[in-house]
Amino acid sequence: MSTTPHITPADAFTMLMAGNQRFVTGGPEHPNQDAARRTEIAPEQNPFAVMFGCADSRLAAEIIFDRGLGDLFVVRTAGQVVGPEVLGSIEYGVAVLGAPLVVVLGHDSCGAVAATRAAVEAGTRAPGFVRDVIERVTPSVLTARAAGHTEDGEFIAEHIRQTVDLLVERSRILADAIEEGRVAVVGLSYRLVDGSAHVIAAHGLDNA
(Lines give C-alpha, C1' and ligand atoms only; values in the text may rest on other atoms or scores of the structure.)
Protein backbone atom coordinates (compact mmCIF):
# COMPACT_ATOMS: atom_id res chain seq x y z
CA MET A 1 0.00 0.00 0.00
CA SER A 2 1.05 3.59 -0.59
CA THR A 3 2.65 5.61 2.17
CA THR A 4 1.55 8.92 0.61
CA PRO A 5 0.81 11.65 3.19
CA HIS A 6 -2.94 12.07 3.42
CA ILE A 7 -4.36 14.29 0.68
CA THR A 8 -8.11 14.65 0.44
CA PRO A 9 -9.92 14.33 -2.89
CA ALA A 10 -10.72 18.05 -2.71
CA ASP A 11 -7.06 18.91 -2.10
CA ALA A 12 -5.98 16.76 -5.04
CA PHE A 13 -8.57 18.35 -7.30
CA THR A 14 -7.45 21.84 -6.27
CA MET A 15 -3.81 20.97 -7.00
CA LEU A 16 -4.72 19.58 -10.40
CA MET A 17 -6.83 22.54 -11.48
CA ALA A 18 -4.26 25.04 -10.20
CA GLY A 19 -1.75 23.41 -12.52
CA ASN A 20 -4.14 23.69 -15.45
CA GLN A 21 -4.65 27.38 -14.68
CA ARG A 22 -0.89 27.92 -14.75
CA PHE A 23 -0.74 26.18 -18.11
CA VAL A 24 -3.60 28.25 -19.54
CA THR A 25 -2.10 31.57 -18.43
CA GLY A 26 1.37 30.73 -19.71
CA GLY A 27 3.04 30.53 -16.32
CA PRO A 28 3.85 26.85 -15.77
CA GLU A 29 6.14 26.01 -12.87
CA HIS A 30 7.20 22.57 -14.17
CA PRO A 31 7.24 21.05 -10.66
CA ASN A 32 8.87 17.72 -9.84
CA GLN A 33 10.82 17.52 -13.09
CA ASP A 34 14.40 17.67 -11.85
CA ALA A 35 17.06 15.13 -10.89
CA ALA A 36 16.20 15.40 -7.19
CA ARG A 37 12.61 14.36 -7.88
CA ARG A 38 13.79 11.51 -10.07
CA THR A 39 15.90 10.17 -7.21
CA GLU A 40 13.16 10.75 -4.63
CA ILE A 41 10.55 8.62 -6.39
CA ALA A 42 12.83 5.85 -7.64
CA PRO A 43 11.91 3.51 -4.73
CA GLU A 44 8.13 3.94 -5.14
CA GLN A 45 5.45 6.06 -6.75
CA ASN A 46 2.85 8.05 -4.82
CA PRO A 47 0.67 9.85 -7.38
CA PHE A 48 -2.04 12.18 -6.10
CA ALA A 49 -4.35 11.47 -9.05
CA VAL A 50 -5.22 8.75 -11.53
CA MET A 51 -5.67 10.33 -14.95
CA PHE A 52 -7.78 8.29 -17.37
CA GLY A 53 -7.73 10.16 -20.64
CA CYS A 54 -8.10 9.88 -24.37
CA ALA A 55 -4.96 8.71 -26.15
CA ASP A 56 -5.04 11.77 -28.43
CA SER A 57 -1.50 13.11 -28.97
CA ARG A 58 -2.67 16.62 -28.05
CA LEU A 59 -3.68 15.54 -24.54
CA ALA A 60 -0.45 15.12 -22.55
CA ALA A 61 -1.65 15.14 -18.93
CA GLU A 62 1.56 16.19 -17.20
CA ILE A 63 1.89 19.17 -19.52
CA ILE A 64 -1.67 20.50 -19.48
CA PHE A 65 -1.90 20.17 -15.68
CA ASP A 66 1.67 21.40 -15.08
CA ARG A 67 2.77 18.38 -13.07
CA GLY A 68 5.91 16.25 -12.99
CA LEU A 69 7.39 12.86 -12.26
CA GLY A 70 5.34 10.71 -9.91
CA ASP A 71 2.37 13.10 -9.69
CA LEU A 72 -0.09 11.40 -12.03
CA PHE A 73 -0.85 7.74 -12.70
CA VAL A 74 -1.88 7.93 -16.35
CA VAL A 75 -4.11 5.49 -18.23
CA ARG A 76 -4.99 6.28 -21.85
CA THR A 77 -7.16 4.72 -24.54
CA ALA A 78 -8.71 6.10 -27.72
CA GLY A 79 -11.93 7.84 -26.74
CA GLN A 80 -11.20 6.97 -23.09
CA VAL A 81 -13.07 3.68 -23.59
CA VAL A 82 -13.24 1.28 -20.66
CA GLY A 83 -12.26 -2.38 -20.59
CA PRO A 84 -11.17 -4.77 -17.83
CA GLU A 85 -7.52 -3.73 -18.10
CA VAL A 86 -8.50 -0.08 -17.74
CA LEU A 87 -10.62 -0.78 -14.67
CA GLY A 88 -7.81 -2.82 -13.17
CA SER A 89 -5.28 -0.07 -13.80
CA ILE A 90 -7.51 2.59 -12.24
CA GLU A 91 -8.25 0.37 -9.24
CA TYR A 92 -4.51 -0.22 -8.85
CA GLY A 93 -3.93 3.53 -8.72
CA VAL A 94 -6.56 3.90 -6.00
CA ALA A 95 -6.29 0.71 -3.93
CA VAL A 96 -2.54 0.09 -4.13
CA LEU A 97 -1.00 3.51 -4.77
CA GLY A 98 -3.53 5.41 -2.65
CA ALA A 99 -4.47 8.15 -5.12
CA PRO A 100 -7.48 10.12 -3.79
CA LEU A 101 -8.62 11.43 -7.18
CA VAL A 102 -9.63 9.76 -10.45
CA VAL A 103 -10.09 11.99 -13.49
CA VAL A 104 -11.79 11.06 -16.75
CA LEU A 105 -10.32 13.44 -19.31
CA GLY A 106 -12.10 13.99 -22.62
CA HIS A 107 -11.63 16.80 -25.12
CA ASP A 108 -13.21 18.66 -28.00
CA SER A 109 -12.63 17.45 -31.57
CA CYS A 110 -12.44 13.86 -30.30
CA GLY A 111 -11.88 11.57 -33.27
CA ALA A 112 -13.35 8.53 -31.53
CA VAL A 113 -16.62 10.29 -30.79
CA ALA A 114 -16.78 11.75 -34.30
CA ALA A 115 -16.11 8.35 -35.87
CA THR A 116 -18.79 6.76 -33.72
CA ARG A 117 -21.35 9.41 -34.68
CA ALA A 118 -20.54 8.83 -38.34
CA ALA A 119 -20.81 5.05 -37.98
CA VAL A 120 -24.13 5.27 -36.15
CA GLU A 121 -25.61 7.69 -38.68
CA ALA A 122 -24.39 5.72 -41.69
CA GLY A 123 -24.98 2.27 -40.20
CA THR A 124 -21.45 1.19 -41.07
CA ARG A 125 -18.88 -0.88 -39.17
CA ALA A 126 -15.25 0.06 -38.61
CA PRO A 127 -12.42 -2.31 -39.54
CA GLY A 128 -10.35 -4.38 -37.13
CA PHE A 129 -10.22 -3.54 -33.45
CA VAL A 130 -11.24 0.05 -34.15
CA ARG A 131 -14.72 -1.48 -34.16
CA ASP A 132 -14.34 -2.26 -30.46
CA VAL A 133 -13.58 1.38 -29.67
CA ILE A 134 -16.62 2.56 -31.62
CA GLU A 135 -18.89 -0.02 -30.01
CA ARG A 136 -17.86 1.23 -26.55
CA VAL A 137 -18.54 4.85 -27.46
CA THR A 138 -21.86 4.05 -29.15
CA PRO A 139 -24.02 4.09 -25.96
CA SER A 140 -22.92 7.67 -25.27
CA VAL A 141 -23.71 8.73 -28.84
CA LEU A 142 -27.13 7.07 -28.74
CA THR A 143 -27.97 8.74 -25.43
CA ALA A 144 -26.95 12.15 -26.76
CA ARG A 145 -29.02 11.64 -29.90
CA ALA A 146 -32.03 10.54 -27.90
CA ALA A 147 -31.75 13.73 -25.84
CA GLY A 148 -31.90 15.77 -29.02
CA HIS A 149 -28.29 16.94 -28.92
CA THR A 150 -26.64 17.97 -32.18
CA GLU A 151 -23.44 19.80 -31.22
CA ASP A 152 -20.10 18.00 -30.96
CA GLY A 153 -19.50 19.39 -27.47
CA GLU A 154 -22.77 17.91 -26.24
CA PHE A 155 -21.84 14.46 -27.51
CA ILE A 156 -18.39 14.69 -25.94
CA ALA A 157 -19.81 15.85 -22.60
CA GLU A 158 -22.29 12.96 -22.64
CA HIS A 159 -19.48 10.49 -23.28
CA ILE A 160 -17.48 11.91 -20.38
CA ARG A 161 -20.52 11.68 -18.07
CA GLN A 162 -21.25 8.11 -19.10
CA THR A 163 -17.63 7.10 -18.63
CA VAL A 164 -17.53 8.56 -15.11
CA ASP A 165 -20.76 6.76 -14.22
CA LEU A 166 -19.51 3.52 -15.76
CA LEU A 167 -16.35 3.53 -13.63
CA VAL A 168 -18.35 4.03 -10.44
CA GLU A 169 -20.99 1.44 -11.40
CA ARG A 170 -18.54 -1.28 -12.45
CA SER A 171 -15.86 -0.84 -9.79
CA ARG A 172 -16.80 -1.75 -6.23
CA ILE A 173 -13.40 -0.44 -5.12
CA LEU A 174 -14.18 3.03 -6.49
CA ALA A 175 -17.76 3.05 -5.26
CA ASP A 176 -16.76 2.10 -1.73
CA ALA A 177 -13.93 4.64 -1.65
CA ILE A 178 -16.30 7.39 -2.78
CA GLU A 179 -18.86 6.39 -0.17
CA GLU A 180 -16.18 6.56 2.52
CA GLY A 181 -15.00 10.00 1.34
CA ARG A 182 -11.54 8.74 0.39
CA VAL A 183 -11.78 9.20 -3.38
CA ALA A 184 -13.52 11.42 -5.91
CA VAL A 185 -14.11 10.62 -9.59
CA VAL A 186 -14.34 13.71 -11.79
CA GLY A 187 -15.00 14.09 -15.50
CA LEU A 188 -13.21 16.96 -17.26
CA SER A 189 -13.46 18.26 -20.80
CA TYR A 190 -10.32 19.83 -22.26
CA ARG A 191 -10.40 22.62 -24.83
CA LEU A 192 -7.61 22.19 -27.34
CA VAL A 193 -7.37 25.85 -28.38
CA ASP A 194 -7.13 27.57 -24.99
CA GLY A 195 -5.83 24.64 -22.91
CA SER A 196 -8.51 24.84 -20.23
CA ALA A 197 -10.19 21.90 -18.48
CA HIS A 198 -13.80 22.14 -17.30
CA VAL A 199 -15.83 19.95 -14.95
CA ILE A 200 -18.56 17.88 -16.63
CA ALA A 201 -19.42 15.41 -13.86
CA ALA A 202 -18.23 14.43 -10.39
CA HIS A 203 -18.77 11.77 -7.75
CA GLY A 204 -17.33 12.31 -4.28
CA LEU A 205 -16.15 15.89 -4.23
CA ASP A 206 -19.04 16.86 -1.96
CA ASN A 207 -18.08 14.03 0.39
CA ALA A 208 -14.46 15.14 0.63
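Let's start with a pairing at the strands: E1 and strand E3 (residues 101–107) run parallel and are joined by four bridges. This is a predicted model, where local features need pLDDT of at least 70 and side-chain atom pairs count only at pLDDT 80 or more, while totals for chains, interfaces and linings use all residues. Residues are numbered from 1 along each chain as its sequence is written, and side-chain values use heavy atoms, with hydrogens and water left out.

**Strands**
- Helices (H or I, at least four residues) and strands (E, at least two) are DSSP runs, numbered from the N terminus, and two strands pair if DSSP finds at least two bridges between them.
- Val50 has Val102 as its bridge partner in E3.
- E1 is also joined to strand E2 (residues 72–77) by six bridges, and these two run parallel; here Met51 has Val74 as its bridge partner in E2.
- Strand E1 (residues 49–54) is mostly covered, with six of its six residues buried (under 20% relative accessible area; exposed is over 50%, partly exposed in between; 1.4 Å probe, protein chains only).

**Helix H4**
- Buried residues of H4 (residues 84–96) are Val86, Leu87, Ile90, Gly93 and Val94.
- They cover an arc of only 125° around the axis (from the directions from the helix axis to the C-beta atoms), which puts them on the same side of H4.
- Pro84 and Glu85 are exposed on the other side of H4.
- The buried residues of H4 pack against E1, E2, E3, helix H7 (152–170) and helix H8 (172–179), where contact means heavy atoms within 4.5 Å.
- Just after H4, Gly98 takes a positive phi of about 80°.

Terms used:
Expected span 1.5 Å × (residues − 1).
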